[in-house]
Amino acid sequence: MNYTQTWRDRTDLSKNEYWKLEKDGLEILKELDRLSTTPFEQIDVSDIERLKWAGIYCQRPKNGKFLIRIKLPSGKLNAAQGHIIADLAEQYGQSELQITIRQCIQIHNLTLNEIPDIFRALDSVGLTTVEGCGDVPRNILGNPLMGVDPEELFDTEPIVDEAVRRFVGNPDYANLPRKYKLSFSANPHDVGYAGINDLAFVPAVYGPAHTPGFHIRIGGGLSSEPKLSKPLNLFVPPERAVDVAEAVACIFRDRGYRTKRNHCRLKYLIEDIGAREAERLIEAITGPLPHGGRTLTKSWNRGNFYGIHKQKQPGLYYAGLCVTGGVLPASDFRKIVALSEKYGDGQLRTTNTHQLIVLNIPEDRCPDFRSENILSRYPLRPKAFSGYQASCTGRAYCSFAPIETKHALNRITAELDERFPSLRMPIRINLTGCPHSCAHPQIADIGFTGGKMKNADGTLIDAYAVAVGGHLGPNPHFGTVLKNRIPADQAVDLAADFVSHYLNGRKKGERFYEFVDRTGADAFQNILNRYQPSAK
């Protein structure tokens with residue numbers, strides 16, 4: 001069964017589906033030269049949508065400025081690529097770039113007439129933006145330490161590379177109902193965020209010989225109706241992993257919903273058919289797979305890799321640097337890339353927590369690395385709040401977000417660092433600009449979702465919905481959403497009260513989300529109730 005053959009005569013599809021039937025999204029790649037010389041006002045809205053298949057996204061305000069999303073599978077990056085990215089950000093992107101929560105790098109404020117030259121430069125170092133956006137397989141999330149991780153069950157880099165070869169630019173998967181988010185990790189600390197991806201591969205062993213491979217989770221996703229992925233009872237040998245990923249893509253393509261745009265994610269299909277039917281459909285394509293095995297899980301590390309640590313290669317170390325908010329000047333990015341050449345072999349990684357990692361540092365070079373001046377701005381050991389936050393682009397670039405996010409969260413976390421200077425147990429605060437949840441507030445210790453509310457005098461002000469206690473890992477749980485929003489300018493005081501409550505009642509070594517799991521959210525709700533009861 002194929003969507004374009006069986007659904008072409010449907011009359012109840014969303015407008016996006018009709019656009020895709022008129023012209024496949026990947027066809028836009030052939031039209032970039034034409035569009036680069038076309039005035040923005042004359043470009044059809046359907047082609048603006050198709051530009052997402054090229055990794056080009058129309059930013060706010062819609063006046064001809066775009067962002068590009070450079071795909072870095074599981075965060076893999078080398079120095080030659082890093083220098084080109086810095087060049088492009090300096091020349092075209094107002095000398096700034098952003099590390100996304102899906103291990104990509106974005107450059108903003110571009111115009112379409114610049115795109116052909118930008119794409120040629122990216123292609124010269126093996127980089128692409130193709131399918132960085134759109135109803136396609138997105139950047140493949142995974143363990144940024146793949147290949148060097150002392151705790152990984154096996155190296156997932158060959159699997160990630162094979163998935164890229166099979167998916168990126170493949171017309172068979174260029175017309176999915178919505179985005180398709182994959183995650184591969186053989187690290188036991190859930191660094192690939194398995195609970196919130198459409199399909200996630202997690203480390204497992206099978207049988208008396210403890211054969212290494214994967215278990216899979218399917219149907220996760222956030223936005224306004226978050227759903228945790230469901231574990232399946234299939235054991236996937238590493239060499240079959242991409243086959244399974246393709247099988248799920250086919251199921252999603254051919255059976256996924258295409259009528260209501262906000263109901264087309266894979267999570268809704270899986271919720272309706274259930275885990276056992278999902279297993280049956282997968283095996284109908286792949287053939288029989290082993291059932292059973294044991295998932296290898298340890299405590300969730302929240303995707304953090306700060307500090308200098310041993311790699312599995314004897315005598316080599318990696319260094320994880322904090323990039324607060326994921327935003328940095330191109331000049332600083334270039335300096336960090338240069339550090340990877342000076343102390344390592346030019347290999348770097350990005351993380352899904354906005355970090356940069358420098359790989360393959362010889363042990364005797366680590367002291368000199370620690371003394372580099374730039375680490376004062378991008379520390380190896382950041383403070384408990386500013387180093388453990390996440391935010392989306394917000395109102396600055398996104399048409400959906402009614403609030404500013406990056407600077408707002410930086411202010412909140414910097415103030416909390418000052419109020420709690422001795423805190424050593426990190427507390428993760430995420431701020432997302434709208435209910436689409438691109439900054440994952442549901443899995444934060446304290447999650448803020450931006451919106452608007454009426455103040456006591458009837459004026460509209462920035463406001464946040466609040467959740468507490470979210471986490472992934474062995475027993476994932478979304479944060480409890482508290483009743484009533486708060487004015488944005490009271491967020492830091494509210495968060496400080498939450499932290500004080502936690503510190504006064506925690507057990508030794510207990511993390512914030514563990515405290516919420518143990519004690520519940522009622523006390524946090526009572527704290528929030530003290531804030532602006534007259535606002536609506």
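Contact, in what follows, means heavy atoms within 4.5 Å. With that in hand, look at Ile56. This is a predicted model. Skipping neighbours within four places in sequence, Ile56 is in contact with Leu32, Leu51, Phe66, Leu67, Ile68, Leu112, Ile115 and Phe119.

Now zoom out to the core. The largest nonpolar core has 60 residues. Which of them touch the most other members? Ile56, Ile68, Phe333 and Phe369 do. Helix α5, residues 79-92, supplies the largest share of this core, with seven residues. As background, nonpolar side chains tend to be buried together in soluble globular proteins.

Gln106 sits in strand β5, residues 105-110. Buried or exposed? Gln106 has a relative accessible area of 5%. The cut-off for buried is under 20%, so Gln106 counts as buried. What does Gln106 touch, beyond residues up to four places away in sequence? The list is Leu67, Ile68, Arg69, Leu97, Gln98, Thr100 and Thr393. Ile68 is also one of the contacts of Ile56. The side chains of Gln106 and Arg69 make a polar contact of 2.8 Å.

On to cavities. How many of 30 Å³ or more turn up in a search of the whole structure? One. The volume of the largest cavity is about 40 Å³. Its lining includes Tyr306, Cys322, Thr353, His354, Ser386 and Gln389. By class, that lining has four nonpolar residues, seven polar and no charged ones.

Last topic: backbone geometry. Start with the peptide bond between Arg60 and Pro61. It is cis, with omega about -10°. Pro61 belongs to the loop between β1 (56-58) and β2 (66-70).

Then two positive phi values, neither in a glycine. Glu131 has phi near 65°. Glu131 lies in the loop between α6 (115-124) and β6 (141-142). Its relative accessible area is 0%, so this charged residue is buried.

Ser223 has phi near 60°. Its loop runs between β9 (211-218) and β10 (230-236). Where Glu131 is buried, Ser223 is partly exposed, with a relative accessible area of 25%.

That's the tour. Questions welcome.

Conventions:
Residues are numbered from 1 along each chain as its sequence is written. This is a predicted model: local features need pLDDT of at least 70, side-chain atom pairs count only at pLDDT 80 or more; totals for chains, interfaces and linings use all residues. Side-chain values use heavy atoms; hydrogens and water are left out. A nonpolar core is a set of buried Ala, Val, Leu, Ile, Met, Phe, Trp, Tyr and Cys residues joined through side-chain atoms within 4.5 Å. Buried means under 20% relative accessible area, exposed over 50%, partly exposed in between (1.4 Å probe, protein chains only). Helices (H or I, at least four residues) and strands (E, at least two) are DSSP runs, numbered from the N terminus. On a 1 Å grid over the protein atoms alone, a cavity is a set of points where a 1.4 Å probe fits but cannot get out, and a pocket is an open set with protein on both sides within 12 Å along at least five of seven lines; lining residues have an atom within 4 Å of a point. Grid points are joined across faces, edges and corners, and a volume is the space filled by probe spheres set on the points. A polar contact is a pair of N or O atoms within 3.5 Å; within protein, one must be able to donate a hydrogen and the other to accept it, and residues adjacent in sequence count only if both atoms are side-chain atoms.
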